[in-house]
Amino acid sequence: MPILALTLSKKLKKAMEGLSETRAAFQGLTDSLSPEQIQDWKRQEKQASRHRGDALKIYEVQQEKGP
C-alpha cells in the first residue's frame, strides 16, 4: 500500500505541474481573443457537450500554414 500512495503522490504532482502550464496557455489564448470570439467559443463548447459526435471537432487544433 505505501508504494501505491507514493506513485499516486508523484502522479498528482505531475498533474498539478501540467495544470499550471495549461492554465497559462489558456489565459494567453483567452487574452488574444475578442469578447465576441469568446462568446462564440463558449457557444461551440456547449453545443459539443450536448451533441458529441462531429460537434467535438471544435477541440481539434487548427493552424493556418505559413507562407
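Is D54 buried or exposed? D54 is exposed, because its relative accessible area is 61%. Here, exposed means over 50% relative accessible area, buried means under 20%, and partly exposed lies in between (1.4 Å probe, protein chains only).

The model is predicted: local features need pLDDT of at least 70, side-chain atom pairs count only at pLDDT 80 or more, and totals for chains, interfaces and linings use all residues. Residues are numbered from 1 along each chain as its sequence is written, and side-chain values use heavy atoms, with hydrogens and water left out.

**Overall form**

- The chain has 2 helices and 0 strands. Both kinds of element are DSSP runs numbered from the N terminus: helices are H or I with at least four residues, and strands are E with at least two.
- The chain is more spread out than a compact globule, because its radius of gyration is 18 Å, well over the 11 Å that the globule rule gives for 67 residues. That radius is taken over C-alpha atoms, and the rule is 2.2 Å times the number of residues to the power 0.38.
- The C-alpha trace spans about 50 × 30 × 25 Å along its principal axes.

**Surface**

- Of the 67 residues in the chain, 6% are buried.
- Accessible areas come from the Shrake-Rupley method with a 1.4 Å probe; for residues, only the protein chains shown count as cover.
- L12, M16 and L19 make a nonpolar surface patch of about 300 Å². Patch residues have over 30% relative accessible area and no salt bridge; like charges are joined within 9 Å, and nonpolar side chains (Val, Leu, Ile, Met, Phe, Trp, Tyr) within 5 Å.
- L19 sits in helix α1, which covers residues 2–31. L19 is partly exposed, at 39% relative accessible area.

**Charges**

- The chain carries 12 positive and 9 negative side chains, and the centres of the two sets lie 9 Å apart. Lys and Arg count as positive, Asp and Glu as negative; His and the chain ends are not counted. Each charge is placed at NZ of Lys, CZ of Arg, CG of Asp or CD of Glu.
- The whole structure holds 1 salt bridge, meaning a side-chain nitrogen of Lys or Arg within 4 Å of a carboxyl oxygen of Asp or Glu.
- R43 forms a salt bridge with D40, and their closest N and O atoms are 2.5 Å apart.
- Both R43 and D40 lie in helix α2, 3 residues apart, or about one turn of the helix.
- R43 is partly exposed at 47% relative accessibility, and D40 is partly exposed at 30%.

- T7 lies in helix α1 and is partly exposed, with a relative accessible area of 35%.
- D54 lies in the segment after α2 (35–51).
- T7 and D54 are 47 residues apart in sequence and 37 Å apart in space, C-alpha to C-alpha.
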